[in-house]
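Let's take a walk through this chain together. Keep the viewer open as you read, and turn the model whenever a new element comes up.

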Amino acid sequence: MHDQAFTILEYPALLALVKRGAQTPMGRARAEALSPLDDIALLRKALEALTECIQLRKRGVVWTFSELEDPAQRIALLRIEGVGLEPSAILALSVLCEQAMSARASILAERDASPVLWTLVEKIPTELNRLNAHIANKILPSGEIDDRASPELSRIRHEITILRSRIARTLENVMRRSGEAIQDELVTLRNDRFVIPVKSDHRARVAGVAHGYSSSGATAFVEPLETIDANNELQALHEEEAREIAKILFALTEELRAQLPGIAAAATAITELDFINAKAIFQQRFACVIPEIEVAQTSVGASQARDQATSKLLLADARHPLLEENLRAVGGAVVPVSFSLDDENNTMVISGANAGGKTVVLKTAGLLSLMALSGLAVPAREARVPFYRSVLADIGDHQSLAANLSTFTSHIANISRMIGLCKAPALVLLDEVGTGTDPEEGSALGVAVVDHFRKACGAQVMATTHYSGLKMYAGNEAGVLNASVEFDEKTLQPTYRLIVGVAGSSSGLEIARRFGIPNKVIDLALESVKDATRQAVEYLRRIKREAEEAESLRAALEEERAAVAEKFATLDKTAERHERERQEVFQKALDTTVREFEKRSREFVATIQDRSERLKVDREAQRRVSELKREAQRATSAGDKREALSGAAASTSGRGVRVMRDGLVVKKEKEFEEVPTTEDEYKPAAQGQIAVGDKVKLRSFGSIGIVDSLKGDEAEVRVKSLRFREKLENLERVELSSPAKSKTEKFASLRQSAGTELHLKAAQENGRSELNVIGRTTDEAVDAVDKFLDEASLASLSQVRIIHGHGTGALRRVITELLKDHPHVARFTAAPQEQGGSGATLVELRQ
């Protein structure tokens, strides 16, 4: 992309803002060199990396780079074979590697959520950790070589220490002997040799070599003869130490040279991470969003994806970052602007008062577009930017005496250059197009220039103007929008709000009055304004007022809509609360009913003397409790709680109908004797001796039955298919209180008396003598056979057949195990060949 508009749109100043967040010289240089990207893949990758960095910062993952210098020169030295590095350079590269490895570790823990950032650091070799540790063992943080860097260096420095001590003791003895000849009892260094200060007038008293005098000449620095050999030996040790240090440094340099690709990768990673982090800091500081980049798709290929204008430029609540930074310093705030351009409406003509913010709108659109194309977040609530090939601008006065350019000619020269540079898709920004010449000619030229850019160049155009001709062009031409910056006529102050769809009045005379032009001058000007112009201004003002009224109405409707939505949300919450309360009430009623059901079941079972009958009834009661809960759950799920607790009667149809009686499920016998099971259908009969066939009431249980036999003071009473032995004193003769009802009516009137009436679905199936479990799992088969045997026993069947097939024999084995201990089974055997052979089992039931 050409940089024609960069300076006009203050792009370098923006980069300076971004650069503030960088921590290293490399990161700052990377920010300064930023420019819009021409490769959509690289642009999207940059925005993805920025998004990942922002998310990591929100989770507390932040990398810092401190005390880092630009490693470019040191890396260049490493590329030259045979060149060694100084300790400070080695330490600097070690710090670089250490901080790169730290950043790599922090991103490694988040690599699934940060794939783009991970690609920046994954090539940094982990061997750099070992290299850093090795360097730290040999070079101290101060840059000095550690005594333990090598055994030879340790030996040399130990000998130097001993020799220094010996020389110091010798010199101290000389000073004590020389007495008054010594200026100060102080051992010092001259020319890297140990000397003592001797008074110049007593120089002859100390035999030795003078290595210089003080500035006053009063003191001579003498090396006594006794220490000359020791000093010579010390110099030799120092030279040996220097050679060993050079050897150590060269070895470390070679180790760094061996890791040169990794070090270069670390430097590149730190540069990119510091730059991305600076962009994330900018995003946080200015409350930016990641822009969506829209690319036109063509049949030619991705490389030509920008050869035609397409996409939508959308900026919602956009703010100019440089203006916002300046206003923050004085406690002000930017008024955000919102607008959009697309294929249908690709041009906007902005009019309105001087100093009302028209140019700011142009600069905001241009600068934010450049930011998005550079991989930066933009200060807006929402941003969609086309993948422009050109962003061109003619904003401001470019007149120049040196170049012999007036205001008009400077604009025309710039526009001419823009026409030559424009490549679609493009964004063209024109400030006061056609200004600086005759208004009529300037207006016509402005219309022609805008029309050329939008049609011939296929660009999206934003232009500001005061010319009525351009305003009329925007009002009449399809695809061109009128817009204006708002001006408060009461305060004669601009509000800086952008109103799309309405042309604005320049309000030049009002602004002149506000800036102190005398009223008589303004009045004279008003008299000179043509009536048509005055009417046009009034028309624009009326349109503006109507637009403001419409906006106020829209805001009121929006508030009302929000209030209605809030009210409905409150109603929903209330309904949910009531539903929860109803469910709680229902659950409590269900739990109470089930407990009462189980209690009455236990009481009833306790009165049955026959063990097999008791087991049979107990098993059926437990099964029915489970069915009751499932039925209630289904009713609850369907929202039919009222039905679940309504207590409808059980219907009857043919043989084998189950009904609720006194809290238990029982089976109708083959030859059902029409004896109702509810007490309220009977009344006490005339007192007399109980005989076989009498209908009696069991006082201990409350059920009605028929006396089948008498034995002493006990009677055998049949209540449906169940028989009880009861003392005569516990029986009461009864008779029907009303004519007998039909079987269907009688069973339909039976209800549970356990507190809350429950509705249980009546089973309409006939008593079966055969069950087929082929195709079921072993668990399903066992459950089905168990239930089948219960039903068969209640139906008083003497023999049943279970068909399980041959297969692997698994069904036959589990069914055999079940039949062995089943309370209803008397005996069982494989079926005869004509009834299925070993693929079926005949079962005889207890009677």
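Which strands does helix α9 lie across? Helix α9, made of residues 228-258, lies across β2, β3 and β4, and it runs at about 145° to β2. Please bear in mind throughout that this is a predicted model.

Those strands belong to an open sheet of four, arranged in the order β1-β2-β4-β3 with antiparallel pairing. At its edges you will find β1 (188-190) and β3 (208-213), each of which pairs on one side only. From one strand to the next, the twist averages 50°. If you zoom in on β1 and strand β2 (residues 193-199), you can see that they run antiparallel and are joined by three bridges. There, L189 stands opposite F194 in β2. Helix α8 (residues 151-178) packs on this sheet too, touching β2 and β4 (219-224), and its direction makes about 10° with that of β2.

Four strands form it in the order β5-β9-β6-β7, and here the pairing is mixed. β5 (292-294) and β7 (337-341) stand at the edges with a single partner strand each, so one side of each has no neighbour in the sheet. The twist in this sheet averages 20° from one strand to the next. Strand β6 (residues 313-318) pairs with β7 in the antiparallel sense over four bridges, and L314 has S340 in β7 as its bridge partner. Helix α12 (residues 358-373) lies across β5, β6, β7 and β9 (382-386), running at about 110° to β6.

Helix α1 (residues 11-19) packs against helix α2 (residues 25-32) at an angle of about 155°, with the axes 8 Å apart. That angle makes the two helices roughly antiparallel. Their crossing is right-handed. On the α1 side, L15, V18 and K19 meet R28, A31 and E32 in α2; the residues of this contact divide into three nonpolar, no polar and three charged.

Finally, how much confidence does the prediction carry? The mean pLDDT of the protein chain is 80, and 81% of its residues reach 70 or more.

Definitions and conventions: Residues numbered from 1 in each chain as written. Predicted model: local features only at pLDDT ≥ 70, side-chain atom pairs only at ≥ 80, totals over all residues. Heavy atoms only, no water. Axes fitted to C-alpha atoms, helices over the stretch in contact; angles between N-to-C directions. Parallel < 35°, antiparallel > 145°, perpendicular 65-115°, else oblique. Left-handed = near helix turned anticlockwise from the far one by under 90°. Contact = heavy atoms within 4.5 Å. Nonpolar A, V, L, I, M, F, W, Y, C, P; charged D, E, K, R; others polar. Pairing = 2+ DSSP bridges. pLDDT = per-residue confidence, 0-100.
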